[in-house]
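Q: Could you take me through this structure feature by feature, giving the general idea of each reading before the particular case?

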Amino acid sequence: MSISQKNMVEQQLLTLISPEVRKVLQRVDTDTWHKTEEIRIRQNRPLSLNRGSSESFVGIKGNLLPPGQEVKAFCAGKEDISRTMQLLSNCSMYAYGEELRRGYMALPGGHRVGLCGKVVLEEGRVKLLSHVNSLNFRIARQIKGGADKVIPFLLNRNKQPHSSSFKSVKAGSPLRVHHTLIISPPQGGKTTLLRDICRCLGDGMPSLKLPGFKVGLVDERSEIAGCFNGVPQLDVGLRTDVLDGCPKAEGMVMMLRSMSPRVIITDEIGRDEDAGAVREMVNAGVTVITTAHAGSIAELTGRPQLYPLLKEKFFERVIVLSGSRGAGTVETVTDLITGKNLYP
Amino acid sequence: MMSGIFLIRMVGALCVLAATTLWGEYQSRTLQYRYRQLHQFRQGLNLLQTEVSYTVSTLPAAFFSIGSKLNSTAVSELFVISGRMMEERDDLDSGEIWREAVAAVFPRTCLTGEDRRIVEQLAVSLGTAHREGQLKQIQLVTEQVTTALEDALEKRNQGEKMWRYLGLAGGMSLVIVFL
């Protein structure tokens, strides 16, 4: 993260944090910001910054404290949390009922803040979150070029139709993209890779003679495009239409009916209705690229909602990611139709 | 000589009469304006209720919208000042901002101390409550304003003409006594 990017984060995020906490965070040095992924503010507990897998407490002078020095850390009080909530909601908590129900708010610049507090239930369902006591600011960072390595494996140069959708693909149809599933454990870089794939397909890649596709992005948790007030804050491609905050299954059908996409991209499928929607899209001749939590293809077969999709070969490519050499490390790219590993 | 003294007396009498009449008029207008301002504040609260429940606008946007819909008065100014402060100040919460705006505008209104207490009630949980809680609080303040409005109407009906006559009659009495 360059200094200008640090300034950008300071302008976009720190202005939404209570003045007392902001003063401390403004003293954090540029190098620390470079690796920071999350800012965690917990009521009456030390302020901390998350960098990769390590979490460090922040001292009053903005310095990161070594383990065992928690007593010297800056602690945010109830007033700081409530002032921050006021700034986040623009003095209007009532206008963020849905966000409080979901437990996170989208912020300008594609950042997000996760919330924890007292859950209020109504008829057994989460109605809203009150008495917020923990905030997790997740800094959005877009890694452009992260998908360059995998895009060639996703293109069907032979124009062979997919076995499950052969009726909908006419002979001589143009270059198509394989139905693809990206898997990794949590924080493995799935969303980052998916965003870059979305950008590449939406923009097109002249180096690969890849024209731009009409891409429909169903972004249920506002994580891929980082929409704020419906406007994507991150680059998801010139030809990408974004359905923000919409449940995946419903969103895919809406996208198919209204925007005639060539490719539909969505994040973290896992429920029965998601699997049903993927089948519908594949059978409608639309390419689906999505992600799921799993460490390997073998682990994926243990998930009852996703196993049938693999067994019936709805997905043609599976990309396995890991954090072995940093988040988003591509471990394998597998052709599920032939069972061959295409990468490495 | 006599006519000169008479003239001075007449001018003095007219001044006394004008002063007491204006004082009566001022008292009468105060009653009128109090009623009008409370009425406008209630209108503002009704608009706020609509903004919160239907358009789900943020408070600054809602306050600017309300300020522009009400006639240019101290009450519309109260909403506009609050909205502006909410956008500019990050060291105060919305309740504190509302109280500050009330303090700034109150001297230019004809509201009583009890009216001010009611208006300040809006600060309770302003911007910090969820939708239902916010609407209930607005409703509560609206009901209190309605009660104050009935009182203001009664006092206006009773006192409006009385103060005018009192001003004029008081002036005439003083003139007769002094002359």
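**Reading exposure, fold and interface**

A: Let us start with a single residue in this predicted model: Gly339(A) has a relative accessibility of 54% and therefore counts as exposed, the cut-off for that class being over 50%. Gly339(A) sits in the loop that links β15 (329-335) to β16 (340-343) of chain A.

Q: Is Thr180(A) buried or exposed, and which residues is it in contact with beyond its neighbours within four places in sequence?

A: The class follows from relative accessible area, where buried means under 20%. Thr180(A), which is found in strand β9 (residues 180-184) of chain A, has a relative accessible area of 0% and so is buried. Once the neighbours within four places in sequence are set aside, Thr180(A) is in contact with Leu154(A), Val288(A), Ile289(A), Thr290(A), Phe315(A), Arg317(A) and Ile319(A).

Q: How many helices and strands does chain A have, and how does its radius of gyration stand against the globule rule?

A: Chain A has eleven helices and 16 strands. Its radius of gyration is 21 Å, close to the 20 Å that the globule rule gives for 344 residues, so chain A is as compact as a globular protein of that length. Along the principal axes, the C-alpha trace of chain A spans about 65 × 45 × 35 Å. Buried residues make up 50% of the 344 residues in chain A, and of the contacts in this chain with a separation of 6 or more, 60% come from residues 24 or more positions apart.

Q: Where in chain B is Asp115(B) found, and which side chain does it join in a polar contact?

A: Asp115(B) belongs to helix α5 (residues 113-120) of chain B and, with a relative accessible area of 1%, is buried. The side chains of Asp115(B) and Arg34(B) are joined by a polar contact of 2.6 Å. Apart from neighbours within four places in sequence, Asp115(B) is in contact with Arg34(B), Leu38(B) and Ala148(B).

Q: How much area do chain A and chain B bury between them, and how many residues does each give to the contact?

A: An interface can be read first by its extent and then by its pairs. The contact takes 15 residues from chain A and 21 residues from chain B, and the two chains bury about 1,400 Å² between them, 53% of it on carbon and sulfur atoms. On the side of chain A, Arg83(A), Cys91(A) and Tyr94(A) lose the most area to chain B, together 46% of what that side buries.

Q: How many salt bridges and polar contacts are counted across this interface, and which elements of chain A give two or more residues to it?

A: The rule finds three salt bridges between chain A and chain B, including one in which the side chains of Asp90(B) and Arg22(A) meet at 2.8 Å, N to O. Nine residue pairs are in polar contact across the two chains. The elements that give two or more residues to the side of chain A touching chain B are α2 (19-26), α4 (78-88) and β6 (125-138) of chain A, and α4(A) gives the most, with three residues. By type, the residues of that side divide into eight nonpolar, four polar and three charged.

Technical notes: Residues are numbered from 1 along each chain as its sequence is written. Chains are lettered from A and ligands numbered from 1 in the order in which they are written. This is a predicted model: local features need pLDDT of at least 70, side-chain atom pairs count only at pLDDT 80 or more; totals for chains, interfaces and linings use all residues. Side-chain values use heavy atoms; hydrogens and water are left out. Contact means heavy atoms within 4.5 Å. Buried area is the accessible area (1.4 Å probe) that two parts lose on being put together, summed over both. A salt bridge is a side-chain nitrogen of Lys or Arg within 4 Å of a carboxyl oxygen of Asp or Glu. A polar contact is a pair of N or O atoms within 3.5 Å; within protein, one must be able to donate a hydrogen and the other to accept it, and residues adjacent in sequence count only if both atoms are side-chain atoms. Helices (H or I, at least four residues) and strands (E, at least two) are DSSP runs, numbered from the N terminus. Ala, Val, Leu, Ile, Met, Phe, Trp, Tyr, Cys and Pro count as nonpolar, Asp, Glu, Lys and Arg as charged, and the others, Gly among them, as polar. Buried means under 20% relative accessible area, exposed over 50%, partly exposed in between (1.4 Å probe, protein chains only). The radius of gyration is taken over C-alpha atoms; the globule rule is 2.2 Å times the number of residues to the power 0.38.
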